[in-house]
Amino acid sequence: MEHRAFNSATNVVGPSSVRRRGVPDVPEDVDFLMEHLNDPNFDYHSELQSLSDSSTEVFELEKKKVSDAGSVRLSEFDVQSRSESTRYSTTSRTETQDTALDYDDESPYPEVRAAVSSVDDPTIPVNTFRAWLLGLFYTIAVSALNQIFSMRYPSVFITSIVPLLTALPLGKALERILPTTRFPTFGYTWTLNPGPFNIKEHVLITIMASVVSNGAYATDIVATQRLLYNEMPSRSYQITLAISMQLLGFSLGGLLRRFLVYPSSMIFPGALVNSALFNTLHKAYGKPDRRHISREKFFAIVVACSCTWYFVPGFLWTGLSVFNWVCWIAPNNVVVNTLFGTSTGLGMGIFTFDWSMISFFANPLIAPWWSEVNTAVGFFIFFWMLAPILYYTNSFYTSYLPMSALITFDNTGMPFNVTQIVTNGVLDIAKYEAYSPVFLPTTLAIAYGVAFAAFPSIVVHTILWYRRDIVKRFRSNLEDERDVHSRLMQAYAGVPQWWYGLLGITMMILLFVAVEVYPTELPIWAVCVAMFLASLMAVPVGMIQAITNQQVGLTIIYELIAGFILAGKPVAVMIFKGVAFMGTVQAVTFAGDMKLGHYMKIPPRSMFLAQVIATFVSCIVVTLVQDWMFANIVDICEPHQPQYFTCPGTTTFATSSLLWGGIGPQRIFSPGAMYSPLLWFFFFGAVLPIPFYYLARRFPLSYWRYINIPVFFTGIGFMPPATGINYVSWFVVGFIFQWFMRRYHFRWWMRYNYILAAGLDAGVAVGILFIFFFLQLPKGGVTLNWWGNTAWQNTADALGTPFRVVPPGQTFGPSKW
């Protein structure tokens, strides 16, 4: 039987099935507007125009596609524009009659059309020997290296872009080296080399590396137990805790596929960048472009330029990275440095020449423009308007502290020293009362308030906008989706829900064993509460990230809840936070990887095995590597460790565990406490989404539908350590590419935007690795001591000089706490 590639022309629209419809067509167009009201990425104006096009245009387009079905001309993908909206319908199969218009021929989102091919060949081998060989190699290498680097400062982080770029030449090498001999085994014939190294193998390898690149959250818990609480956890406890935490989130993500993966509106912009890059590297768009530079060449040029340029702000002239030029002019002026500084100031310098600073918290070429505007408005209001007011009026005694910092302080203006309030790893109340209350810098206090507002705003926003969609999704599955990518995925055997359910139950049992057998003081009911919170927030958080590319951090909320219900049990608070946080984050992360597999047409069962096995192996690797480091590196995690293994992330994590689990939120945020006014943010977060929802429903064609309160709050959650220079430069670049280029040079944007985003990130990643391994690491490193690298470090901003200085021997703040 001859195998034929599946393509989007499978369902043909004939002239008799096309109904001409003008605008307005009441009540159907009103229903159309209301149906897509909760999807800001959906272009109303383009769709209303397409609905008024004649049936002849639709028929001619579809007739042309059918004539090309035998030899699909993928290069035509380059000239897609808004006129292609005639290729897809706008309603769901579950809501319409059975007509040919029920099926989409292309995605209704230009972002997806720009990055994802609507053609697939199910006969391409995926589950191959070389895919697993390279996948496991990257799983072990990335896990081990990132675990080592995470405990060093300065450090480097190997992201999934490195395996993505290097797996292709390695795969091509295995294609030439491995024998093609076929081996019959139990009626199944297999080979080490099934032919050319293909794009699907490449995707599977990269996904295995991606799911392990962030390491295992449990390693910070174990390290804190060792360092701060003088415990020596057994290896079985460490591995069990790591595996159960990581895979609980994965099982949750799999159970939520119908909400986060299958719907075409859940576009996951981050997955689109990888999809565009995969297609570019494998020349998925067919014939070379004649009228313009090819994507492959464009990507190579961008990577080379980005890597070369990074040496300037990253090594030769680091002042161009922070670029707080006003502080260079007045290095000792405290007001100037608190406003324009980029170390402990608000970063009003506006611009930077370092792409790693511009994309510090997100790539501005990926997030939708309306999402970037919401974030920019939130940043301007809270950090460039509210923060200076609070600081210069000495609210919460903030004038005695640096304007912006990620750490807490004591009543002398020095960093809060947790060792002064601990006896044998447990909070000593007498020492705490004799030492100092906890003081938060201005931006950190605002960040806590914004985090408090984000939690209820996400819940309320989801209930208002997506309640009907969520209820509907409980009754739907992949077969009910009618967009082209879902239909192409139906060629593969899906993963049953009970696979994810069984995995989740198994991981829960393992977690129960870990917290019960080892004295963690975490009761089983608290584990269940943590998992309930993770399950409750996974869909809302996942929807926001899928639509906006905005990562939502709920760590502070989970710490707050844990601190109240597990008061005085810092280890239990750490594990509770880890279960809730990783449950949510891993569910969304794995769902994003599943969406990438959905776009690239990876068989779901191969994806399931790759993600589970990679996670399982990674947890064992990072545990063994951390154990080895504690056993063999002298003075590890000490401030003056000779090889710089000072464990900065673990130290911050340990301090946080004592603040929330030892001192507790009752002493910081309860009514009557110093920071109790921040609790009002919960009220504001719950109320603000309501008026904008009703305004959007009243005026569906207005800009009200683009106001997203959860993004307004969560988008600024990276401040601190981010500063204004990160946010403003990110917004400016986003304006250039996501608004100006997309609006006025749409074809260029369709062709190159995501390739440019990937190329800039890849070039910086290569530059960082080169500088770290060849210039900073060997023999103490190479440094360039000249004005361009030292001027920005000799300022009040870099020194963290506060607006008000505490006289020697005196303190500030309340007399009792």
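**View A. A salt bridge joins Lys-200 and Asp-120.** In this predicted model, the closest N and O atoms of Lys-200 and Asp-120 are 2.7 Å apart. Lys-200 sits in helix α7 (residues 199-210), whereas Asp-120 belongs to strand β2 (residues 119-120), so the contact ties together parts that are 80 residues apart in sequence. Lys-200 and Asp-120 are both buried.

**View B. Glu-201 pairs with Arg-130.** The two side chains form a salt bridge, with an N to O distance of 2.7 Å. Glu-201 is in helix α7 and Arg-130 is in helix α5 (residues 129-150). The pair links distant parts of the chain, 71 residues apart. Both Glu-201 and Arg-130 are buried.

**View C. Lys-577 meets Glu-559 in a salt bridge.** The N to O distance is 2.9 Å. Lys-577 comes from helix α24 (residues 570-600). Glu-559 comes from helix α23 (residues 555-565). Lys-577 has 5% relative accessibility, so Lys-577 counts as buried. Glu-559 also counts as buried, because its relative accessibility is 5%; the cut-off for buried is under 20%.

**View D. Arg-226, Arg-235 and Asp-627 form a salt-bridge network.** Salt bridges link these three residues. For the model, the count of salt bridges comes to 7.

**View E. Helix α17 packs across helix α31.** Helix α17 covers residues 369-392, and helix α31 covers residues 724-744. What describes two packed helices? The angle between their axes and the distance between the axes do. Here the axes come within 10 Å. They cross at roughly 155 degrees. That angle makes α17 roughly antiparallel to α31, because angles over 145 degrees count as roughly antiparallel. The crossing of α17 past α31 is left-handed.

**View F. A nonpolar patch lies on the surface.** Its members are Trp-680, Phe-683, Phe-684, Val-687 and Leu-688. Together they have about 490 Å² of accessible area. Leu-688 is in the loop between α28 (680-687) and α29 (689-698). Is Leu-688 buried or partly exposed? Leu-688 counts as partly exposed, because its relative accessibility is 30%.

Definitions and conventions. Residues are numbered from 1 along each chain as its sequence is written. This is a predicted model: local features need pLDDT of at least 70, side-chain atom pairs count only at pLDDT 80 or more; totals for chains, interfaces and linings use all residues. Side-chain values use heavy atoms; hydrogens and water are left out. Patches are made of residues with over 30% relative accessible area and no salt bridge: like charges are joined within 9 Å, nonpolar side chains (Val, Leu, Ile, Met, Phe, Trp, Tyr) within 5 Å. Accessible areas come from the Shrake-Rupley method with a 1.4 Å probe; for residues, only the protein chains shown count as cover. A salt bridge is a side-chain nitrogen of Lys or Arg within 4 Å of a carboxyl oxygen of Asp or Glu. Helices (H or I, at least four residues) and strands (E, at least two) are DSSP runs, numbered from the N terminus. Buried means under 20% relative accessible area, exposed over 50%, partly exposed in between (1.4 Å probe, protein chains only). Axes are lines fitted to C-alpha atoms, for helices over the stretch in contact, and angles run from 0 to 180 degrees between N-to-C directions. Angles under 35 degrees count as roughly parallel, over 145 as roughly antiparallel, 65 to 115 as roughly perpendicular and the rest as oblique. A crossing is left-handed if the near helix is turned anticlockwise from the far one by less than a right angle, and right-handed if clockwise.
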